[in-house]
Amino acid sequence: KKKKKKTCPFLTVAPPPSSCGARWVDTVFRPQCVECGCGALLVPCVICDGQCGAVWRRDVELSHSMHMAHWNGECRLDKEQQALLIYRKETQNMTPDDMAEAFADVL
């Protein structure tokens, strides 16, 4: 009797290639492609860049339908640390004029 080879159910059905032609199931992605984003099917936590040790899974259906990378996961850092990291990422490339415009309604 032959034993059936066990496979990971997550990788059994290969998702279709992204719009740029990268095959995520083969761990191929193109960082310059917004649908690929920062990885193929699994990436370190997108909030803290993996500091917390969590791994996020690509939402293939949403990534394709929105033509933009979407990930499912949860950061293990506390909410205050997450908020600070998100703020830094969002504002790191802003000019003083961008900041003034973004916070005009608040001030």
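This report covers the fold, the nonpolar cores and a surface patch of a predicted model.

## Basis

In this predicted model, local features need pLDDT of at least 70 and side-chain atom pairs count only at pLDDT 80 or more, while totals for chains, interfaces and linings use all residues. Residues are numbered from 1 along each chain as its sequence is written, and side-chain values use heavy atoms, with hydrogens and water left out.

## Overall fold

The protein has four helices and three strands, in the order α-β-β-α-β-α-α from the N terminus. Helices (H or I, at least four residues) and strands (E, at least two) are DSSP runs, numbered from the N terminus.

The accessible surface is about 8300 Å², 56% of it from carbon and sulfur atoms; areas come from the Shrake-Rupley method with a 1.4 Å probe, and for residues only the protein chains shown count as cover.

## Nonpolar cores

A nonpolar core is a set of buried Ala, Val, Leu, Ile, Met, Phe, Trp, Tyr and Cys residues joined through side-chain atoms within 4.5 Å. The largest has twelve residues, including C45, C52, W56, W71 and C75. Beyond its neighbours within four places in sequence, C45 is in contact (heavy atoms within 4.5 Å) with G50, C52, A54, W56 and C75. Another core, of seven residues, lies apart from the largest one and includes W24, V25, C33 and C36.

## Surface patch

V34, L62, M66 and M68 form a nonpolar surface patch with about 390 Å² of accessible area together. L62 lies in helix α2, residues 60-66, and counts as partly exposed because its relative accessibility is 33%.

Note on methods:
Buried means under 20% relative accessible area, exposed over 50%, partly exposed in between (1.4 Å probe, protein chains only). Patches are made of residues with over 30% relative accessible area and no salt bridge: like charges are joined within 9 Å, nonpolar side chains (Val, Leu, Ile, Met, Phe, Trp, Tyr) within 5 Å. A salt bridge is a side-chain nitrogen of Lys or Arg within 4 Å of a carboxyl oxygen of Asp or Glu.
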